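Biologist: I am new to this structure and would like to get my bearings. Could you show it to me and take my questions one at a time?

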Amino acid sequence: MKLKAIALLTIAMFVATACGGGTSGTTGGGAAAGSIKGNITLWHAYGTGSSEETALNGVIDTIKKANPDAKITVLQIPFDQVFNKFQTEAAAGGGPDLFTAPNDELGNEVRANLLLPLDDKLKGKLDKVAPLGVDGLKVNGKLYGVPMLFKAVALYYNKDKVPTPPKTTDELMTMVKAGKTIVQNQNGYHLFGWPQAFGGKLLDDSGKCIADQGGWADAMQYQLDLKKAGGKFETDGGRADTSFRQGQVDMIINGPWVLGDYKKDLGAKLGVAPMPTGPKGKAGPLTGVDGWYINNSAKNVDGAIALALAITDAVGQKAYADVAGDVPVRTDVTISDPLVKSFADASATGFARPQSAEFANYWGPFGDAVTKIIEGKSTPAAGIADACKAMNTANKK
Amino acid sequence: MAAVIDASIDEAKLAEPAGSKRGRPRWLTAYLYILPALVIMLAVTYWPILFQVYMSFTDYGLRNLRFDAPGANFVGIENYINLITNQVAQIANFNFWGMLAFNLFWTFSNVIFHITIGILIAVLLNAKGLWFRGVYRAIFILPIVIPTLVVATVWKNMFDTDFGAINQALAGIGGIFGISPDNFHIRWIDQVDPPISWLPLPLSYFALLITNIWLGWPFMTIIATGALQSISKEYYEAASIDGASGRQQFFNITLPLLRPAMIPAAMYGMIVTFNLFNLIYMVSGGGPLRQTEILVTTAFRLVNENRLYGLAAAFGIYTMIILLVLTLLTNRITKATESYV
């Protein structure tokens, strides 16, 4: 009897999975059947077993079934290697036909002539994509990718401990002083959003660093005050994640790429809100766009573009939103999850990631400045001034 | 019959004009034999080195990487000067000489521990009547056979501030003496301030040192064990008859006779430790604030993170020169190639 019940339950689960629309194996790109042909090699850098990888695999499975003439080879590359590996291989005439990544290295890759310009090929095919998504993959006015997702950090909070998230920096400070805990990744990316809330600007129109002219030092002073009040800073992102997922801290600032994983641990307790507004306005987290880029040395250009369009169509982006909690760039995809909606709001107010050669020299000097300031080895004003000077020196400004 | 044929061949050879076969010089035949190997060496060894030398005099970057890209701009010795004058703004806190000094200190401090511990344990394992000698030797070989990446990952987790085994063990020991566990949230990897105020070394250096001592002494033990077993027992018997104590025997027989085996091993250990990329990259990442960065990890960053190929090429040339000097010194001390000269 017990065995029968288990068997029936198993069959019921299979039927539910086959009919349902929210799981990885059954969602996917709604490419016109048979439109993708030939051998296509695709690279991604999603973590093994991550919800993003699950979403992609589900989409690819559906596309493969609808396009039996296409032989799609999927290869995972560790995220910290994906840009270097692509650049090295593509430069030598190899590499994948297409790959997906944030637009971190887009400008450099375009200047190195490694990516195929797509304006002509995508004419009229991105009407449903938000302008910020398309602009995010443009360099010098030309389009170099098929937009997929917005990526910007926001404030995750544990609803059991923080029923109402802080809307302003003052509220956050008051909460932390009252015993609530927040952990932040101590680096130039996760902390990038704060200076805008304090009136800071990184670059002027000529690409010169002007962070030393106000705002940035105030934002870093705020971080120091937060730390003094009990806020935590971690150089190890995994450790920061763990402390939030295990309920040891109440809030963390992180991106949508961990939403699926946080949900597994915290379930209904998980909340997401935009970063708190500061005295000079909204926070400006770096808003990146994940895209699908076509290798300039691709052996199957048409197949690669057709595949990219299939993955990024409304069905594919819906799968990413539902399975991985990612923010779609398409305006015709309804976001059902309020947490994903919060990330969409955070992305909308963010600072579009610049693709200039000047911005590429932000990471070294400012990453170091963050460490020096948070560790008390430098004052906020001196740390930011040194970083700005180093950035301008590197950019010959 | 065969002997007759062989003899006729030899006679034919002798009959050929000196140095040639059908008019071809013998040296040409020799060169033809080594030609395939030479071509491969030229392609995979000498051409990349020559290309690196060319790159080091240019501003070679990502834009020049593609096979049909325009050539890089010639910048003369600018890369070389920028490196030794620390003018590398893309990498914060870049300090070539500080890094070289740390690299050398890191190397020597590690090898001293490796050799001392390696010899002591080899002597203990060589003691008469020791039970389970084979088992100990098998266990002690483990650090050598486990991949460095695995070792580095495990040790990095062990040094974790909150969850790491090291801090938990220290807290356990501290508890015996009534010290609160709160005192043992030691930031082994991230702490910027040096633990010893007069010694400009971060705590992560000591974490790396502990890890690499664990990793490095078994090799020295193996070498020392082999050398110990080749020392004749007669020396010790003669010394005992003359009344030498165990300590005197160790310093006057064991150590001098271990020297010929241990010096080449030490030199090998130095070169390996000097270039110990995996451990530093995986455990401390060169941090905090680049204080534990060594030359090879910096070369990796110049290429992999900053795409400064020209600068990295010049950096590689400097590294090669430094290693060449170390190797020549090694050769001079160990006389490793003496018998071939």
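Modeller: Happy to! Please keep in mind that this is a predicted model.

Biologist: In which sense do strand β8 of chain A and β10(A) pair?

Modeller: Strand β8 of chain A covers residues 182-185. Two bridges link β8 with β10(A), and the sense of this pairing is parallel.

Biologist: Which residue of β10(A) does Tyr157(A) stand opposite?

Modeller: Strand β7 of chain A, residues 154-158, pairs with β10(A) over four bridges in the antiparallel sense. In β10(A), the residue opposite Tyr157(A) is Met251(A).

Biologist: Which residues of strand β10 point the other way from Met251(A) and Ile253(A)?

Modeller: In a regular strand, side chains alternate between the two faces of the sheet. Strand β10 spans residues 251-254 of chain A, and its four residues are buried. Met251(A) and Ile253(A) point one way, and the other way point Ile252(A) and Asn254(A).

Biologist: Is Lys396(A) buried or exposed?

Modeller: Lys396(A) is found in the segment after α15 (380-394) of chain A. Within 10 Å there are 7 other C-beta atoms, and a residue with 12 or fewer counts as exposed. Therefore Lys396(A) is exposed.

Biologist: How many residues of chain A are in contact with chain B?

Modeller: On the side of chain B that touches chain A, there are 10 nonpolar, three polar and five charged residues. Chain B has 18 residues in contact with chain A, and the number on the chain A side is 24.

How values were computed:
Residues numbered from 1 in each chain as written. Chains lettered and ligands numbered in written order. Predicted model: local features only at pLDDT ≥ 70, side-chain atom pairs only at ≥ 80, totals over all residues. Contact = placed C-beta atoms within 7 Å. Nonpolar A, V, L, I, M, F, W, Y, C, P; charged D, E, K, R; others polar. Buried ≥ 20, exposed ≤ 12 C-beta atoms within 10 Å, placed from the backbone. Pairing = 2+ DSSP bridges.
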